[in-house]
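I opened the model to look up a few local features and to write down what I found, one entry at a time.

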Amino acid sequence: MGSGGTLYRLNAESLSREGCTLKAAFKHLQKADVISLGGGLPLSEYFPFEAMEHGVLPLDNLNENKDASKGSIGLHSTKTDMVSGRSIYDLTVALNYSQGSGSAQLLRWITEHAELVHNPPYEDWQCNMTIGNTSALDMALRMFVQRGDYVLSDDYTFSSAVETALPMGARFLGVEMDTEGMLPQSLHDTLQNWDPAAHDGARKPFLLYSIPTGQNPTGATQSLQRRKDIYRVAQEHDLIILEDDPYYFLQMDRFYGDAKPSQFDAGSQSPESLLSMIIPSYLSMDTDGRVMRMDSFSKIVSPGLRLGWVTASQQLVERYKIHADVSTQGPSGFSQLALFKLLDEHWGHSGFFSWLLHLRQQYSHRRTFLVKACERHLPKDIVSWAVAEAGMFQWLKVDWRKHPDAASKSMTEIEEEIWFEGIGQGVLVARGSWFQATENKLYTDIFYRVTFAAAPLDKIEEAVVRFGEALRKIFKLQ
Ligand SMILES: Cc1ncc(COP(=O)(O)O)c(C=O)c1O
């Protein structure tokens, strides 16, 4: 299959998009002496923002970033940086209308990054900026889904993804998983034995929604072999893989059982060494152009930027772009300019990798700290876990069959009882049942999702103590 081989999967909505007439006319502005009376772009003298200053953390001081004496580095933009030759991107351009793909300046940097990290093995791949993976998935599903369709996913998956698909008339169907995520054999069996009559007449699914790294909610990370096996099944059944991978760069050091932080040393560690520590993405093995990968700055720079990007074949990206032209119109100019200053003009690719190495070590430490707290404070005869290797979440399994009233209460009642007792004790965790992918399926285990990302370490310890107390009380272990 060539990289255009997925086009027959597009739905009527996507196929009928003809492009935005006004945005298409923009290209004639590249001609030097053209005066535009054509588009409603306000003059920048009517933008009340004259300059933008961002203080950013110095990369050589990340481990002691609370030391105010080392200060922050100021990144400065004005409206005239382009005409004066100080920069190739400024407030005048960033704060005006642009294309649904985002500004050419930041898009070039993002595309270079995608090449350095994923290097997709076919010619005509492209990137397009998004306003984050939430929106990217919404727009991607709207390219492919028809009412009545099923989307395949892990048995437990990101609840917002399921909720995005439902109003489009599409349901998720969970595939059996283990600690590495989806089982290739189960995926194959589901497809091989697909019977429309057993699924309200639905056609055989062709969309695979995957969170391969630090999966939300289970924390599962697919090994390289697992990814290769799933990709092979995708080839056999001609699937499109929607690779939702916001935690890709939160792959952590192996659990070393010692909660002492290892620190990133910008002086001694090559930033590019990061690339040899991370598991290759689906995009990087996508010889067929069947992967639509969604990256986000949310977890690695900040969520409020609302900025990410999709990478896929030129044909799919073009569909995405002409939708963006008439919907999001690309990410906020402030966000794009702030990122451009940081990534292109200040850090460069190497500096960004240094930052990501720093995050890797921070999250490794936080994960280890939380797991150690679980070992100390949770009743291990009823709670078990596989240590997360990426992402922000640890998944805890609770053996509800040991509940004193297990014979008379339902699993859901017990899940709820524990959850409310936790809130009563002062700890909020996420209930596993919120993440069940398949509607009306009998799930048989209780899980809770806890994060090591959101609280200071001493609060994490206290929260785990409280959750342990809640469990002991409910299971009458004290
Ligand atoms: C799997 C997954 N996809 C997408 C998102 C949202 O990402 P964004 O902030 O880029 O919209 C999250 C964050 O919670 C997530 O866990």
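**Loops and backbone**

I began with Pro-217, which sits in the loop between strand S8 (207–210) and helix H8 (224–236); helices (H or I, at least four residues) and strands (E, at least two) are DSSP runs, numbered from the N terminus. This is a predicted model, in which local features need pLDDT of at least 70 and side-chain atom pairs count only at pLDDT 80 or more, while totals for chains, interfaces and linings use all residues. Residues are numbered from 1 along each chain as its sequence is written.

I checked omega for the bond from Asn-216 to Pro-217 and found a cis peptide, with omega near 20 degrees.

I then looked up Asp-238, in the loop between H8 and S9, and noted a positive phi of about 55 degrees although Asp-238 is not a glycine. For burial I used counts of other C-beta atoms within 10 Å, with C-beta atoms placed from the backbone: 20 or more is buried, 12 or fewer is exposed, and in between is partly exposed. Asp-238 counts as partly exposed because it has 16 C-beta neighbours inside 10 Å.

Lys-476, in the segment after H13, also has a positive phi, near 50 degrees, in a residue other than glycine. Lys-476 is exposed, with 9 other C-beta atoms within 10 Å.

**Ligand shell and Asp-244**

Which residues are around the ligand? I list Gly-132, Asn-133, Thr-134, Phe-158, Ile-211, Asn-216, Asp-244, Pro-246, Ser-296, Ser-298, Pro-303 and Gly-308, where the criterion is a C-beta atom, placed from the backbone, within 6 Å of the molecule. The shell divides into four nonpolar, seven polar and one charged, with Ala, Val, Leu, Ile, Met, Phe, Trp, Tyr, Cys and Pro counted as nonpolar, Asp, Glu, Lys and Arg as charged, and the others, Gly among them, as polar.

Leaving out residues up to four places away in sequence, Asp-244 touches Asn-133, Leu-137, Tyr-209, Ser-210, Ile-211 and Met-294, a contact being two C-beta atoms, placed from the backbone, within 7 Å.

**Helix H12**

H12 (residues 411–425) has 15 residues and reaches 21 Å from its first C-alpha to its last, close to the 21 Å expected, which is 1.5 Å times one less than its number of residues. Glu-415, Ile-418, Trp-419 and Gly-422 of H12 are buried. Down the axis of H12 the buried residues fall within an arc of 95 degrees, so they line one face; the arc is that of the directions from the helix axis to the C-beta atoms. Phe-420 and Gly-424, on the other side of H12, are exposed. The cover over the buried residues of H12 includes strands S13 (393–398), S14 (430–431) and S15 (446–451) and helix H13 (457–474). After H12 comes Gly-426, with a positive phi near 95 degrees.

**Strands**

I traced an open sheet of four strands in the order S12-S13-S15-S14, with antiparallel pairing, two strands being paired if DSSP finds at least two bridges between them. Its edge strands are S12 (383–384) and S14, each pairing on one side only. S12 and S13 are joined over two bridges, and Val-383 has Val-398 in S13 as its bridge partner.

Elsewhere, S4 (residues 150–154) runs parallel to S5 (residues 171–175) over five bridges, with Val-151 opposite Phe-172.
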